[in-house]
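Me: I've got a model open and want to talk it through with you. Can you go over what was computed from it?

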Amino acid sequence: MSIQRRTLGTISHDGSPLEVSALGLGCMGMSEFYGTGDEATGIATIHRALDLGVTFLDTADMYGPFTNERLVGKAIADRRDEVQLATKFGNERAEDGARLGINGRPDYVRSACDASLQRLGVDHIDLYYQHRVDQSVPIEETVGAMKQLVEAGKVRHLGLSEASVDTIRRAHATHPITALQTEWSLFTRDLEDQILPTVRELGIGLVPYSPLGRGLLTGAITSEQALEDGDSRRTAYFPRFQGEALEANLVLVARIRELAGTLGCTPGQLALAWVLAQGDDVVPIPGTKRVAYLEENVGAAAVTLSIEDLAALDAAVPRDAVAGARYGDMSSIDA
Ligand SMILES: NC(=O)c1ccc[n+]([C@@H]2O[C@H](COP(=O)([O-])OP(=O)(O)OC[C@H]3O[C@@H](n4cnc5c(N)ncnc54)[C@H](OP(=O)(O)O)[C@@H]3O)[C@@H](O)[C@H]2O)c1
């Protein structure tokens, strides 16, 4: 098993795009939100990812909070040169986990970056994203501060997450944006109307998060009870995992499983192959804390879908078929 490379962004401060593995690894669930993880298993998963050529690692200061960056930092301590390291700022949290809101103020951008560099134990971040857009701060000011981080050598490339078309255009005019990270999967296709054509016009790469529908598309989640107590997917924040919506979504997952069977792959691999088939400028970051899942997910890179396979998937899971909003509270999403 080995994995191809893709490039994100066509312009950057020094004119070079960011080359990454075609699939990245989302590290969030190793520390928070999706049940219990432990540091040793998370580190083993990251090491296995690097061995398999999955070198694009995704974290954020708010995961844990703060513990996920420390975990990733520990895992890559003696393998920094192999990694394209992405982290994010802007969802401000206190040490005790309390949420302090979205912060895009220039002073905060600078201090958040220094704190991330320290936790990660690195001298630069390859891709630094604004995690959520701060509606109270003009994007030019936030990206202006991010640009200074590039000039100081602390950050190589800039990214945004969950930004609107207008924000993306204004940000990109301030400093080249290498990647937009936003949710994209067989279950979440809203970005296809406006966001996708915009990033393609501007030469910005797309990093789909939750490409496995937060685990739903793998078929491994068969009921609410299959999730641990304390798993955030059991809360109203994730309506797709609740009651009737979950039941309706599991019918769609059964269809994906059936199609995957005819193609000789798993449902999760089919879901990832679908994202990978959307273009060479697309680099999904499936998340897992386990080596076995990681290995299965890497196998998706070897699944080639024909036009007929893609049409069959479209028929089995029509674009808006999923039940329930992707978040119960969309107030932090830039629209
Ligand atoms: N920018 C943003 O706002 C944002 C939001 C959410 C996530 N993200 C990033 O995107 C990454 C990926 O998204 P995500 O973690 O939310 O969702 P995801 O990748 O769609 O799904 C992750 C879930 O799927 C499970 N899973 C993974 N591979 C599996 C397999 N082969 N078989 C069965 N189950 C499998 C994982 O289980 P285990 O946990 O048990 O391994 C985890 O519960 C995150 O890690 C994070 O870095 C960014």
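Reply: First, a convention for charges: Lys and Arg count as positive and Asp and Glu as negative, while His and the chain ends are not counted. A charge is placed at NZ of Lys, CZ of Arg, CG of Asp or CD of Glu. This is a predicted model, where local features need pLDDT of at least 70, side-chain atom pairs count only at pLDDT 80 or more, and totals for chains, interfaces and linings use all residues. Residues are numbered from 1 along each chain as its sequence is written, and side-chain values use heavy atoms, with hydrogens and water left out.

Me: How far apart are the mean positions of the positive and negative charges?
Reply: The protein has 31 positive and 47 negative charges.

Me: What radius of gyration does the protein have?
Reply: The radius is taken over C-alpha atoms, and the globule rule is 2.2 Å times the number of residues to the power 0.38. For 335 residues, a compact globule would come out near 20 Å. The protein agrees with that, at 19 Å.

Me: What is the strand order in the open sheet?
Reply: Strands (E, at least two residues) and helices (H or I, at least four) are DSSP runs, numbered from the N terminus. Two strands pair if DSSP finds at least two bridges between them. The open sheet has 7 strands with parallel pairing, and the order is β3-β4-β5-β8-β9-β10-β11.

Me: Which strands stand at its edges, and why is one side of each left without a neighbour?
Reply: Each edge strand has a single partner, so one side is left without a neighbour in the sheet. The two are β3 (25–26) and β11 (205–209).

Me: In β4, which residue is the bridge partner of Leu25?
Reply: β3 pairs with β4 (residues 56–58) in the parallel sense over 2 bridges. The partner of Leu25 is Leu57.

Me: Is Thr59 buried or exposed?
Reply: Thr59 sits in the loop between β4 and α2 (67–76). Leaving aside residues up to four places away in sequence, its contacts (heavy atoms within 4.5 Å) include Asn68, Val72 and Leu120. Buried means under 20% relative accessible area, exposed over 50%, partly exposed in between (1.4 Å probe, protein chains only). At 1%, Thr59 is buried.

Me: Which peptide bond is cis, with omega near -5°?
Reply: Look in the loop between β4 and α2, where Pro65 is found. The cis bond runs from Gly64 to Pro65.
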